[in-house]
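Subject: Structure for you to look at

Hi,

Here is the structure I promised to pass on. Please open it and keep it in view while you read my notes.

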Amino acid sequence: MRIVPLFRRVVVVATGSGIGPCAPHVFAKRSTIQLLWSAPNVRETFGDKLVDSLLEASPNAVIYGQYIVL
């Protein structure tokens with residue numbers, strides 16, 4: 001994740017709490033990031049605030065949960 005700012009476009013794949021080191025890069029918007037995040041029950045586990053913030057920063061993000069696809 002340290003070299004993300006060196007690229008114009010990046011695909012970030014995170015599972016579960018692996019979103020932690022990825023989220024600041026998504027929020028910084030220094031690169032165009034396509035986010036794919038998979039975790040069980042993302043809203044229940046990580047909270048609406050985080051999920052909504054990620055979707056706001058990366059509207060084309062694919063967030064896949066055990067019972068929910070956003």
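Which residues have the most contacts inside the largest nonpolar core? They are Ile19, Leu35, Trp37 and Leu54, in a core of 18 residues. A nonpolar core here is a set of buried Ala, Val, Leu, Ile, Met, Phe, Trp, Tyr and Cys residues joined through side-chain atoms within 4.5 Å. Buried means under 20% relative accessible area, exposed means over 50%, and partly exposed lies in between (1.4 Å probe, protein chains only).

Some ground rules before we go on. This is a predicted model, where local features need pLDDT of at least 70, side-chain atom pairs count only at pLDDT 80 or more, and totals for chains, interfaces and linings use all residues. Residues are numbered from 1 along each chain as its sequence is written, and side-chain values use heavy atoms, with hydrogens and water left out.

Strand S1 (9–15), helix H1 (19–28), strand S2 (32–38) and helix H3 (48–57) each supply at least two core residues. H1 gives the largest share, four residues. Helices (H or I, at least four residues) and strands (E, at least two) are DSSP runs, numbered from the N terminus.

Now find Trp37. Leaving out residues up to four places away in sequence, Trp37 touches Ala14, Thr15, Gly16, Ile19, Val42, Phe46, Leu50, Val51, Leu54, Val62, Ile63 and Tyr64. Contact means heavy atoms within 4.5 Å.

The sheet

Next, the strands. Three of them form an open sheet in the order S1-S2-S3, with parallel pairing. Two strands pair if DSSP finds at least two bridges between them. S1 and strand S3 (62–64) are the edge strands, each with a single partner, so one side of each has no neighbour in the sheet. From one strand to the next, the twist averages 10 degrees.

S1 and S2 run parallel and are joined by seven bridges. Val12 stands opposite Leu35 in S2. Val13 stands opposite Leu36 in S2.

Two helices pack on this sheet. H1 touches S1 and S2, and its direction makes about 155 degrees with that of S2. H3 touches S2 and S3, and its direction makes about 150 degrees with that of S2. Axes are lines fitted to C-alpha atoms, for helices over the stretch in contact, and angles run from 0 to 180 degrees between N-to-C directions.

Look at the two faces of S1. Val10, Val12 and Ala14 make up the covered face. Arg9, Val11, Val13 and Thr15 make up the uncovered one. In a regular strand the side chains alternate between the two faces of the sheet.

Leu36 is worth a click. Leu36 lies in S2 and is partly exposed, at 37% relative accessible area. Leu36 touches Val12, Val13, Ala14 and Val62, again not counting residues up to four places away in sequence. Ala61 is 25 residues from Leu36 in sequence, but the two are 6.1 Å apart in space, C-alpha to C-alpha.

The helices

Which residues of H1 are buried? They are Ile19, Cys22, Ala23 and Val26. Seen down the axis of H1, they fall within an arc of 110 degrees, so they line one face of the helix. The arc is that of the directions from the helix axis to the C-beta atoms. An α-helix has 3.6 residues a turn, so residues three or four places apart point the same way. The buried residues of H1 pack against S1, S2 and H3.

In H3, the buried residues are Val51, Leu54 and Ala57. Down the axis of H3, these fall within an arc of 135 degrees, so they too line one face. They pack against H1, S2, helix H2 (42–46) and S3. The face of H3 turned away from the buried side carries exposed Lys49 and Glu56.

Two loop residues

Lys29 sits in the loop between H1 and S2. Lys29 is not a glycine, yet its phi is positive, about 55 degrees. Lys29 is exposed, at 53% relative accessible area.

Asn41 sits in the loop between S2 and H2. Asn41 is not a glycine either, and its phi is positive at about 50 degrees. Asn41 counts as partly exposed, at 22% relative accessibility.

Best wishes
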